[in-house]
Amino acid sequence: MFITHLKRTHMPLKEIERYMTLASAQNYESCYSVLQEHKLKVQSQMAEMHATLEMMNYKLDHFRDLMKRSGLIGE
């Protein structure tokens with residue numbers, strides 16, 4: 001169900017309720033606006049998460065190199 005997907009993206013329940021009310025009223029333009037706005041937020045969050053993941057990978061590589069140099073792990 002689509003509502004489950006919206007919940008997974010951390011859309012506030014009030015916004016989901018608003019979306020459902022608009023959809024029931026067949027207010028397609030407003031439904032589109034609500035979803036478009038939320039999509040932009042999700043994309044922004046994903047970009048932030050991707051940047052954080054890249055930094056974590058950099059740090060993990062760095063610590064793996066340090067452990068290799070100190071003989072804690074094999075090459």
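1. Let's start with His38. Setting aside its neighbours within four places in sequence, His38 touches Leu6, Thr9, His10 and Met11. One of these partners, Thr9, also makes a polar contact with it: the two side chains come to 2.7 Å. Keep in mind while looking at this spot that the model is predicted.

2. Where does His38 sit? It belongs to helix H3, which covers residues 28-69.

3. Is His38 buried or exposed? Its relative accessibility is 11%, and the cut-off for buried is under 20%, so His38 counts as buried. For context, buried residues account for 13% of the 75 in the chain.

4. Now the overall fold. You'll find three helices in the chain and zero strands. Reading from the N terminus, the order is simply α-α-α.

5. The box filled by the C-alpha atoms tells you about the outline: along the principal axes it is roughly 65 × 20 × 15 Å.

6. The chain has about 6500 Å² of accessible surface, and carbon and sulfur atoms contribute 59% of that.

7. Last, charges. I count 10 positive side chains and 9 negative ones in the chain.

How values were computed. Residues are numbered from 1 along each chain as its sequence is written. This is a predicted model: local features need pLDDT of at least 70, side-chain atom pairs count only at pLDDT 80 or more; totals for chains, interfaces and linings use all residues. Side-chain values use heavy atoms; hydrogens and water are left out. Helices (H or I, at least four residues) and strands (E, at least two) are DSSP runs, numbered from the N terminus. Buried means under 20% relative accessible area, exposed over 50%, partly exposed in between (1.4 Å probe, protein chains only). Accessible areas come from the Shrake-Rupley method with a 1.4 Å probe; for residues, only the protein chains shown count as cover. Lys and Arg count as positive and Asp and Glu as negative; His and the chain ends are not counted. The place of a charge is taken as NZ of Lys, CZ of Arg, CG of Asp or CD of Glu. A polar contact is a pair of N or O atoms within 3.5 Å; within protein, one must be able to donate a hydrogen and the other to accept it, and residues adjacent in sequence count only if both atoms are side-chain atoms. Contact means heavy atoms within 4.5 Å.
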